[in-house]
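Please look over the model shown here.

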Amino acid sequence: MVDGEAGFYILEWFASTESTNSLALQKARNAAPAWTVVAADTQTGGRGRLKRTWVSPPGVGLYFSVVLRPRLELQELPLVTLAAAVAVCRGVESVCGVSPAIKWPNDLLFDGRKLGGILIESESLTGADQPATIIGIGINVTTRAAQLPSELREQAISLAIATGNRYSRHDLLDAIVKALQTVMDALEGGKKKEVFDQWQARDGLIGNTLTWVTISGQRITGKALGIDDHGHYHIRDQAGISHEVLSGDLAMDTGNLNNRITNRE
C-alpha cells in the first residue's frame with residue numbers, strides 16, 4: 001500500500017505479465033478495491049485501442065493499470081478517458097518538467113511522436129454498485145529506438161530521447177496515480193468543466209487539418225475543433241459541416257501539428 005497527500009493506493013509490481021489491463025480486470029472480478037494498481041516490467045501481450053498491440057520492451061517503459069469504480073452516471077464513463085489523459089500529462093509534467101500533447105482519444109505525443117497511450121475498459125460486475133473501470137497506461141520512459149519494431153521507430157519517442165534525461169518509473173507511476181486521484185475527485189465532484197479546460201489546454205490537434213478514418217473506412221477531412229461540453233471531439237469539413245468523431249482514428253500531417261509542448265522550469 002502506498003500512501004500520500006492525494007490518498008492511498010495498492011501497488012503490485014510484477015516482473016512480467018501478459019497484460020496489466022487483463023490482470024487488473026481479473027482482480028476487479030475478485031473484488032479488488034478501487035485504486036488497486038498493477039504494474040509490470042514487461043508485457044507479453046500488451047493491448048492498445050482497436051485490438052492493436054502495445055509493444056512493451058522489458059525494463060524501459062512504464063506499463064500499469066488502475067482499478068476504478070467511478071461515481072459517475074453510465075453515460076459519463078467515457079469522460080474517464082479525458083481525466084486519465086490529463087492525469088498522465090500532469091504526472092509527466094511534475095516529474096520530467098515537460099508537457100506532452102494529447103491526441104484524441106488516448107495518445108500522448110511529444111514533438112509529434114507517440115510517447116504513450118491509454119486504454120480504458122469497463123465491465124459491470126455482479127454485486128458491485130459501480131462498474132469496474134480499468135485504466136491502462138503505457139509510457140516510453142527510457143526506451144531506445146532499437147528496442148522498437150522498425151515500423152515504429154520514426155513514430156515513437158521516449159522521455160529519455162525527448163529530454164536527454166533518465167527518470168524513475170516508480171516516481172513517474174506515483175505522480176500519475178496521485179494526479180489521477182485528484183482529477184477523478186474533480187470529475188466525480190461535478191467539476192467537469194475544470195477537467196475539460198485542462199484537457200483542452202493540452203489538445204495537440206486543435207486547429208490542425210485532420211482526416212477522420214471511421215471504423216467502416218470512410219475518410220472525412222476537416223479542421224479540428226476540439227471537444228464539446230460532453231467531451232465529444234469535433235472536426236469541420238471543407239463544406240462547413242461539423243462532425244462528431246465517435247470512433248476510429250484521426251490522422252494528421254505531423255509537419256503542421258500544433259503540439260502545444262512547453263518546457264517547465
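## Burial and cysteines

Buried means under 20% relative accessible area, exposed means over 50%, and partly exposed lies in between, with a 1.4 Å probe and protein chains only. Cys89 is buried by this rule, at a relative accessible area of 0%. Cys96 counts as buried too, at 11% relative accessibility. A disulfide is a pair of cysteine sulfur atoms within 2.5 Å. The count of disulfides comes to zero.

This is a predicted model, in which local features need pLDDT of at least 70, side-chain atom pairs count only at pLDDT 80 or more, and totals for chains, interfaces and linings use all residues. Residues are numbered from 1 along each chain as its sequence is written, and side-chain values use heavy atoms, with hydrogens and water left out.

## Salt bridges

A salt bridge is a side-chain nitrogen of Lys or Arg within 4 Å of a carboxyl oxygen of Asp or Glu. The whole structure holds eight of them. One of them joins Glu188 to Arg71, with the closest N and O atoms 2.8 Å apart. Glu188 lies in helix 4 (residues 169–188) and Arg71 in the loop between strand 3 (61–68) and helix 2 (79–96), so this pair ties together parts that are 117 residues apart in sequence. Helices (H or I, at least four residues) and strands (E, at least two) are DSSP runs, numbered from the N terminus. Arg71 is exposed, with a relative accessible area of 57%.

Glu93 and Arg202 form another salt bridge, at 3.0 Å from N to O. Glu93 sits in helix 2, and Arg202 in the loop between helix 5 (192–200) and strand 8 (209–213), so the pair links parts that are 109 residues apart in sequence. Glu93 is buried at 10% relative accessibility. Arg202 is buried as well, with a relative accessible area of 10%.

Lys178 counts as partly exposed, at 21% relative accessibility.

## Helix 2

The expected span of a helix is 1.5 Å times one less than its number of residues. Helix 2 has 18 residues, so it should span 26 Å; its end C-alpha atoms are 26 Å apart, which agrees.

Gly97 follows helix 2 and has a positive phi, near 75 degrees.

## Backbone exceptions

Most residues other than glycine have a negative phi, and most peptide bonds are trans. Ala31 is not a glycine, yet its phi is positive, about 70 degrees. Ala31 lies in the loop between helix 1 and strand 2 (36–40). At 62% relative accessibility, Ala31 is exposed.

Asp111 also has a positive phi, near 55 degrees. Its place is the loop between strand 5 and strand 6 (113–123). Asp111 is exposed, at 53% relative accessibility. The peptide bond from Trp104 to Pro105 is cis, with omega near 0 degrees. Pro105 lies in the loop between strand 4 (101–103) and strand 5 (107–110).

Thr17 is in the loop between strand 1 (10–14) and helix 1 (20–29). It is buried, with a relative accessible area of 14%. Contact means heavy atoms within 4.5 Å. Setting aside neighbours within four places in sequence, Thr17 is in contact with Leu23, Ala40, Thr42, Gln43 and Thr44.

## Cavity and pocket

On a 1 Å grid over the protein atoms alone, a cavity is a set of points where a 1.4 Å probe fits but cannot get out, and a pocket is an open set with protein on both sides within 12 Å along at least five of seven lines; lining residues have an atom within 4 Å of a point. Grid points are joined across faces, edges and corners, and a volume is the space filled by probe spheres set on the points. The whole structure has one cavity of 30 Å³ or more. The largest cavity has a volume of about 40 Å³. Its lining includes Arg113, Asn140, Arg144, Arg153 and Ile161.

The second largest pocket has a volume of about 550 Å³. It is lined by 23 residues; Leu77, Pro78, Leu79, Thr81 and Gly231 lie nearest its centre. Helix 2, strand 6 and strand 11 (242–245) each supply at least two residues of this lining. Strand 6 gives the most, with four residues.
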